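Dear colleague,

Please find the structure below, handed over for your review. My findings on it come after the display.

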Number of protein chains: 2
Amino acid sequence: MNDSRPIRAKSGTNHEGTSAHNRRVMIDALRINGALSRADLARATRLTKQTVSNIIEELERDGLVSSQEAVRRGRGQPSTPYGLVPEGAFAIGLQIDRHVTRAVAVDLVGSVLVRDEAGLPPGGPSNGTKVILDLVASVRSKLAGIVQQSEKRLVGLGAAMPGPFGVAGSGDDPWMMETWQKFPLLETLTAGTGLDVGLQNDAAAAATAERMVGAAHGLDHAVCLFVGYGIGAGLILNGELYRGANGNAGEIGMALLFADGKSTPLEHRASLASLYQHLSIDPADPGLYARINDLALRGDQSIHAWVEAAAVDLRWSIHLLETLFDPQTVILCGSAPEALVNRLIAAIGPLLPSIAERRGRTLPRLQPGMADPWSVALGAAAGPISRAFDPRFAAILKDSLQS
Amino acid sequence: MNDSRPIRAKSGTNHEGTSAHNRRVMIDALRINGALSRADLARATRLTKQTVSNIIEELERDGLVSSQEAVRRGRGQPSTPYGLVPEGAFAIGLQIDRHVTRAVAVDLVGSVLVRDEAGLPPGGPSNGTKVILDLVASVRSKLAGIVQQSEKRLVGLGAAMPGPFGVAGSGDDPWMMETWQKFPLLETLTAGTGLDVGLQNDAAAAATAERMVGAAHGLDHAVCLFVGYGIGAGLILNGELYRGANGNAGEIGMALLFADGKSTPLEHRASLASLYQHLSIDPADPGLYARINDLALRGDQSIHAWVEAAAVDLRWSIHLLETLFDPQTVILCGSAPEALVNRLIAAIGPLLPSIAERRGRTLPRLQPGMADPWSVALGAAAGPISRAFDPRFAAILKDSLQS
DNA sequence: CTTATTAAGTCAAGTGTCTTGACTTATTAC
DNA sequence: GTAATAAGTCAAGACACTTGACTTAATAAG
């Protein structure tokens, strides 16, 4: 009876877990509602006034919240609102894309303090690693030049790149990201920066950004359809980013569409890659963004056909995401010029009927999100901040407390 | 500054939440691994031996676990394994389908102790409510006849019916479920039984059943594709059933497929309803199940064409679910005869390429699940048991503790 | 202007649950 | 037979939330 099978169980919790959760709940409440008094916090979180007082005192000592001018709200002692201190924490966000890498430094409330980018040489990680590490170091030192003690308050480095991760020979990827996807990026970045590093795909990063400072702010169920070089969906489910069993959830770009007897991945039909192909543009062109923006603003005919075709696929994608995830809202975002995203949204409507057509909806079914080449890097930075400060089941458990 | 906007915040937690979580973690560990000693539990949950001892003692007093014969495992004092006591808790599961309603009584480990069914008269809730309440009462009294004190250990009533819920005029539903979907079933059942009632769609119930006693046992990320009168997906994400913002997540049957220039919901192409139509069978026929089972077993030609056509759509559905949810496995189940599900699985293979093709997979991408007319009722009953005993984020929070 | 009422926030003691470290018990290895 | 090992208990301790009385500071009412 040599019974050495591993025992699977979820982790238990203890006082520290309780306390960690309550701290996170306070920060979350202040992020969603803006400054609140301790009495407000006590009512909203169902904790006692005393507990809230203790936690707020601690958060204030830690430099995460600060008191504001007292507010008279009728009879009774005026309340003292507390708000998040933007300089309470920082994170570095890193986007690795086909031809370029971008890094930003972001604070606790999601403001971008530093941004910087560099071209990625061809050849994948062997040539790109140094560029990336230099870029991160540069952003980090610029941040240190702007705010004091930034290093002490740096909660981590979030990296974002196109997925999927760890998939057996996707093979037909013509954009050379496969070498990056196979590369031990996490380990390299950890070793090269000494920071706590997280990795997610670009759509997940975009969703994280939308949740922190965008259209998904305060929502617990939102899907971000991200149109970039590829296309993917970032999933906010139950108030947390959903990653799936292997970090590849939401890779809708790999969904196969059947038409005319052949199957094509969505990504080949509705993505900037397909637009570049349609326009016969070199994706490595540095003036790309401005050029597309210009075309979109002018309503150029050359872009029109692509927009119309992509809108058909996107309309269906949105319908499908609504049907499967039942979110409060779908957000269309991208690392594309805003003008292009707006044209897409205009062309997509009206939406297909779906379970999202409910009586008493308050949010629109489809909303524009950030459309900005920096949104992925911002989302990448939002990852560590969310992991460090948002209420999450995992944060309560013992195995997440020490390590 | 009359500032009375509602403040949104997540609930905090306290010692009770900690304790509730740890109890649930113990029960979960025993459910997944079978009987375990306190020392094993302490290692697996990262709690101290002492804490585990206290909790196990309490669970034993509550009749949820019991000690087994001591086991000698080499040097050191023999360990005393503790296992779940099946009679520790019971739940009633109720399935409401088009022409029939089924109820089961289930124990803590998911064994069905009582099962009973009744035909549903046409006319929707106005005629059906009494039938349902009588059925529940009958199952309940039969359970009381089998086990002592069953009423005291009844944790709730789970109901399952085809979704979607609360959707504005789905209109084209030819199966008369719409009147049920609009009916305040939850309130009626609560009032009529005095039990804690939960409601979910049939696919979600099937997934809950698979997680408790089926192919998803111990998995944290699994998708159950449920082929019944309609078709839907039950989602186990992060170890919990995912319901979406409005309880309609996974309603893949409403996904529109485009072919030959027109759009058709998946449900009209791959579901038992479509099979009945294909075979020109009356779905109200009481001998339906046996007849289909017989046809499937014989490999009848009349069923073959439908199987082949449905397999195409199901293959694609599985591909899509893998792509969007990145689960550990997809489970095909149904309220269909097992022989039919097996034929479908055979016809579906080989699967389409997707992100599920990973190096080092241990689980098959597609597995057969329960195919049994009673599986939905079982899953419905599994709902309250899961809510009462599985580790869940919500169970830690203060607002779930008292009410 | 005075007093009652209301609400925010503090104080200090209390309670529940996990943790710690020493100890007991039971078995196998040498 | 003794040492080593592992399960499990005991009792004190630590931690974080709770309780209820109290203080502070404002508005409403007379």
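This is a predicted model: local features need pLDDT of at least 70, side-chain atom pairs count only at pLDDT 80 or more; totals for chains, interfaces and linings use all residues.

Residues are numbered from 1 along each chain as its sequence is written, chains are lettered from A and ligands numbered from 1 in the order in which they are written, and side-chain values use heavy atoms, with hydrogens and water left out.

DNA strand C is surrounded by 31 residues (a residue is near a strand if one of its heavy atoms lies within 4 Å of it). The closest are A:Q50, A:S53, A:K398, B:R75 and B:Q77. By class, the surface near DNA strand C has four nonpolar, 20 polar and seven charged residues; Asp, Glu, Lys and Arg count as charged, Ala, Val, Leu, Ile, Met, Phe, Trp, Tyr, Cys and Pro as nonpolar, and the others, Gly among them, as polar.

Two side chains of chain A reach bases of DNA strand C: an N or O atom of A:H15 is 2.7 Å from a base oxygen, and a polar atom of A:K49 lies 2.7 Å from a base nitrogen.

Chain A is divided into domain 1 (15-84), domain 2 (89-207 + 378-391) and domain 3 (215-372), with bounds from an automatic or database domain assignment. The centres of domains 1 and 3 of chain A, taken over C-alpha atoms, are 38 Å apart.

Yours sincerely

Methods
A polar contact is a pair of N or O atoms within 3.5 Å; within protein, one must be able to donate a hydrogen and the other to accept it, and residues adjacent in sequence count only if both atoms are side-chain atoms.
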